[in-house]
Amino acid sequence: MKKIGILSDTHGFLDEAVFRHFEECDEIWHAGDFGNDALAEQLRSFNPLRGVYGNIDGQDIRAYYPELLEWTCEEVHVMMLHIGGYPPKYNSRSKPLIQQHKPQLFISGHSHILKVMYDDVLNCLHINPGAAGKQGWHKVRTLVRLDIDGSEMKNCRMIELHT
């Protein structure tokens, strides 16, 4: 079983509470808009980190993180893309990729809106962890924790950061 911490849209701000909420996690997944490599390095030095670049990320992030990331965690096929939309309103880039690659878990960011939704048509769980940073219009900063045990995704927890 893997315990996963998922965040997005930090925009250069990393709340120390992230480390407390992710202390039991085996990996951290960042769905783009890191803001800078110093922030990514803080996460990398804490736990193994997977991520994709977002629309505000510069070459320091884009040189290290791809636009699209696809891998298997336990027995779950995962796909992550910063700008992706959500069921059934995926954007024109993500929908064909989801249909082609058939992930069981699709993670995106960008909207700053926390969403955890199952897509019955594509048989895929969609997670957008919202925004963990202070930049943007959102009023509450959020994270997600998820356990992946074999082919099962469970114990999904949505976390609000208050400071």
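Buried residues, meaning those under 20% relative accessible area with a 1.4 Å probe and protein chains only, make up 48% of the 163 residues in the protein. Exposed residues are those over 50%, and partly exposed residues lie in between. The model is predicted: local features need pLDDT of at least 70, side-chain atom pairs count only at pLDDT 80 or more, and totals for chains, interfaces and linings use all residues. Residues are numbered from 1 along each chain as its sequence is written, and side-chain values use heavy atoms, with hydrogens and water left out.

The C-alpha trace spans about 40 × 30 × 30 Å along the principal axes of the protein. For 163 residues, a compact globule would have a radius of gyration near 15 Å, and the 14 Å of the protein agrees with this. The radius is taken over C-alpha atoms, and the globule rule is 2.2 Å times the number of residues to the power 0.38. Of the contacts (heavy atoms within 4.5 Å) with a separation of 6 or more, 48% are accounted for by residues 24 or more positions apart.

The protein contains 4 helices and 12 strands. These elements are DSSP runs numbered from the N terminus, with at least four residues for helices (H or I) and at least two for strands (E). Strands of a sheet pair through backbone hydrogen bonds, in either the parallel or the antiparallel sense. Two strands are taken to pair if DSSP finds at least two bridges between them.

E1 pairs with strand E11 (residues 141-149) in the antiparallel sense over 5 bridges, and glycine 5 stands opposite arginine 145 in E11.

Helix H2 covers residues 37-46, and its buried residues are Leu39, Ala40 and Leu43. Seen down the axis of H2, these buried residues fall within an arc of 100°, so they line one face of the helix; the arc is that of the directions from the helix axis to the C-beta atoms. They pack against strand E1 (2-7), helix H1 (17-21), strand E2 (27-30), strand E3 (49-51) and helix H3 (59-62). On the other side of H2, Ala38 and Ser45 are exposed. At the start of H2, a side-chain oxygen of asparagine 36 comes to within 3.2 Å of the backbone nitrogen of alanine 38.

Histidine 30 belongs to strand E2 and is buried, with a relative accessible area of 0%. Neighbours within four places in sequence aside, the residues in contact with histidine 30 include Leu39, Leu43, Leu49, Arg50 and Met80.

A further open sheet has 5 strands in the order E4-E5-E8-E10-E9, and its pairing is mixed. Strand E4 (68-73) and strand E9 (114-119) stand at the edges with a single partner strand each, so one side of each is left without a neighbour in the sheet. Here the twist averages 15° from one strand to the next. E4 and E5 pair in the antiparallel sense over 6 bridges, with threonine 72 opposite histidine 77 in E5. The hairpin of E4 and E5 has 2 residues between the strands, and glutamate 74 there takes a positive phi near 55°.

In E5, 6 of the 6 residues are buried, so the strand is largely enclosed by the rest of the structure. Val76, Val78 and Met80 point one way from E5, whereas His77, Met79 and Leu81 point the other way. E5 and E8 pair in the parallel sense over 3 bridges, and isoleucine 107 in E8 is the bridge partner of methionine 80. Strand E8 (residues 105-107) also pairs in the parallel sense with strand E10 (residues 124-129), over 3 bridges. In E10, isoleucine 127 is the bridge partner of isoleucine 107.

Helix H4 (residues 94-101) packs on this sheet, touching E4, strand E5 (76-81) and E8, and its direction makes about 165° with that of E5. Ser94, Leu97 and Ile98 are buried in H4. Seen down the axis of H4, its buried residues fall within an arc of 100°, so they line one face of the helix. The buried residues of H4 pack against E4, E5, strand E7 (89-90) and E8. Just after H4, lysine 102 takes a positive phi of about 50°.

Terms used:
Axes fitted to C-alpha atoms, helices over the stretch in contact; angles between N-to-C directions. Polar contact = N/O pair within 3.5 Å; in protein donor to acceptor, adjacent residues only side chain to side chain.
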